[in-house]
Amino acid sequence: MKIRALFIIGVALALLTGCAGAGVFADYREVEQLEIIRTIGIDKGPEGVTVTADTGVEEDGRAPKLFRTAAPTLSAALEQLQETPRGRRMVFAHTEQVVIGETAARAGLAGYLDYIERATEMRIGTGVFIVRDGTAEDLLAACAGEGSSAADMLLFLKTEIRNMGCGFVYTCGDIAAGLASEGCALAQAVERAPGETVTEEERAMVRPAGFAVLAEGALAGYLTEEESRGAALLLGKVERDDMTAAAESGTAALSFRGAGMRVRPLFLGGSLDRLSVAVRTEAAVKEASEGLTLTAAETRRALAQDLAARETERAAAAVARSQAMGLDFLGLCAAAERASPLRFGALRDRGAADIGTMTVEVTVSAAVRRTFDVADPFSVRGKGA
Amino acid sequence: MSAIQGHDTISERQLCALCFAALFSPLIRLLPRLPAAFAGRAAWLSPLAAAAAGALWLAFLRAFLRRRAEGEGLFELAERCLGPAAGRVLAALCALWLVFYGGVMLRVSAERFLSTIYANGRPTVFIAVMGAAAGWAAAGGLRQLARTAEVLLALILLAMGAVFLFSLTEVEPARLLPVKPGDAGGILLGALPMLDMMSVYAYGVFLLRYVKKTPEEGRRPVRWMLLLTAAATAVLVMTVGAASAELVKDMQSPFFLVIRSIAVLGFIERIEAVVVGLWVAADFLLLAFVWLIAGDILKLLAGGRSRRPFAAGAAAVSIAAAFAVADNAFFLRKAAEYGIPAVNLAAAFVLLPALFLVGRARGKL
């Protein structure tokens, strides 16, 4: 009797969780009856919001399906997609990324972020891309072909961009948190290959286009590629990047990674003198020109100095841009406050820590720690040379 | 004092397990949002502040309960301290409060389903199913409920542990630091929701009449409180660390929202069903717990032999209250976050000490 009672209670509670197939709403569908949406494109149009939904490449390699609709709000547009009879139910629960066209981003993202946080299907961990000089609809349509889709390309970017050293894909939650706490945030921008000379294949590709800077809930501008690389390095988002560095005896292709910035506020007397921003990078030699003596410490030091000087330029460019815009999208003040909670924290609390006016000193240090398998390059001239 | 049937006795460990499992319901519901609103990124320190206050309260409770006789619970202690009439009035008020509390919690539980999963559904089915299940458990034996709590608590802790580990990759230390002296006030205010959770144990004192008195009585709750502190800190670290205090304070179910975004190794995702399972189990135990206590008090007041009809009656009234209590989630949120905790805190931290002092002054303890 007790076991039966426990069983009945257990089944009743399981039904509440929706795990038991039927669930209390009995809306179970076979997977064949579902249209799983992987990427949602958002643009601003005359009707309000234009939404393009992308399923990604089908399992059998067929081109992705794109669904387009327009409505006054994002939720209404998604609902409209759902209500259009296609014999399949749209599922947005597995949306991996949201792509926002430039015009829509300039008009403001707050409403879209609000919907994504609020919607029971969507996740705040969804990646966000801003389309530079274009619309999400065009981007998604251009990439849709046999075996290729924007959804797959963006997913690839999301996982691989840290190995490119040129950006990072922030999520809806990251962006909303940045906007709520610092008033600004970065988002990854993407673009289609521009120009007349590109091939058809290149035209249907998505490539990173630096960081988009968001402020007061809207797109405020873009960082250049060099600034974006510097920003990625400062923010510790570089798993691997490549650079050719020169020493007296030759050149080497270096693969390096950054450890993220260390920010220290330096005070002189009672007032803030400057912010010291330091980043350490570690490099390994991937390829070396003949004659480069990697076993010599001074050669490695020279390569490291070259790398450090060029990365310092990039990082300083990112900081300079942040100062010029008066937006602390690199989180320098927050990092300084963590380093000096009392003194710098007091400055921030008084509203006296303005990134635009403070002196920021950026230093990137580098060390060539290793090479792969071969120490010094092989001699191809024989012993007589 | 009515005779206690042997099959209805439980150990102090089981009572603690029942209270602790039941308070996971307010833990998931109240904890991330309110401390984040009060203390910002320093919210994760609020449980430690609450633990300090909680330790003092448990020390007081131990001193109080050391004076209880075998077979005495809060009902009997209230009668002893205040006199039979006033003691019974106090117990009756507690029973009424627990019935109302159960009703609001049942409605809050149903509303949470609607705001997080079943958008635009009706709360009716959730109130009915959860009410019936918890009411059935409340009308059953205390020992069975305590054993169920032990099993469910193990599952809850297992799931919480797994979810915490999975969410660690999402946690940004920069969202939790720095902590400054100026945060102290917020940290202390943020401790109130956790103290509210601990006050669940104050109602559990009614059930001590079913617990065999031992010299070690009162030590075990301290260990449970430490576990609660660890769980609360973990919940705050994972929510505030993943979503920032600025977002968490505006969310209705931050814990759930953060869990929804967890992806493990790129192929395990949408694990929020685990969290739903957590809160269904915790809500079930909390409701069964309060209705069982209310039923027990009513039985003692009426001089009844069996608790079953009184617990079932308490559940029925609570279910009716759940339908009638509010027609919008905004009011419910205010009630669940401020109104109900205020009464619970008053019961645990004002009423119980006052009872003790009156009992001592009258020479009854």
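This report walks through a few features of a predicted two-chain model.

## Ground rules

The model is predicted, with local features needing pLDDT of at least 70 and side-chain atom pairs counting only at pLDDT 80 or more, while totals for chains, interfaces and linings use all residues. Residues are numbered from 1 along each chain as its sequence is written, and chains are lettered from A and ligands numbered from 1 in the order in which they are written.

## The sheet in chain A

Chain A has an open sheet of 4 strands in the order β11-β12-β13-β14, with mixed pairing (strands are DSSP E runs of at least two residues, helices H or I runs of at least four, numbered from the N terminus; strands pair if DSSP finds at least two bridges between them). At the edges sit β11 (241-247) and β14 (360-371) of chain A, each pairing on one side only. On average, neighbouring strands are turned by 40° against each other, direction ignored (axes are lines fitted to C-alpha atoms, for helices over the stretch in contact, and angles run from 0 to 180 degrees between N-to-C directions).

Strand β13 (residues 271-288) of chain A pairs with β14(A) in the parallel sense over 11 bridges; Val279(A) has Val364(A) in β14(A) as its bridge partner. Helix α10 (residues 297-325) of chain A packs on the sheet and touches β11, β12 (250-268), β13 and β14 of chain A (contact puts C-beta atoms, placed from the backbone, within 7 Å). The direction of α10 makes about 145° with that of β14(A).

## Val98 of chain A

Val98(A) is found in strand β6 (residues 97-101) of chain A. It counts as buried because it has 26 C-beta neighbours inside 10 Å (20 or more make a residue buried, 12 or fewer exposed, and in between partly exposed). Leaving aside neighbours within four places in sequence, Val98(A) contacts Ile40(A), Ile42(A), Ile116(A), Thr126(A), Val128(A) and Cys172(A). Cys172(A) is 74 residues away from Val98(A) in sequence, yet their C-alpha atoms are 8.6 Å apart.

## A helix pair in chain B

Over in chain B, the axes of α4 (residues 46-65) and α9 (residues 184-198) come within 7 Å and cross at roughly 60°. By class, their contact has 10 nonpolar, 3 polar and no charged residues (Ala, Val, Leu, Ile, Met, Phe, Trp, Tyr, Cys and Pro are nonpolar, Asp, Glu, Lys and Arg charged, and the others, Gly among them, polar).

## Where the chains meet

Between the chains, 32 residues of chain B are in contact with 30 residues of chain A. The largest share of chain B's side, 8 residues, comes from α7(B).

Methods: Two residues are in contact if their C-beta atoms, placed from the backbone, lie within 7 Å.
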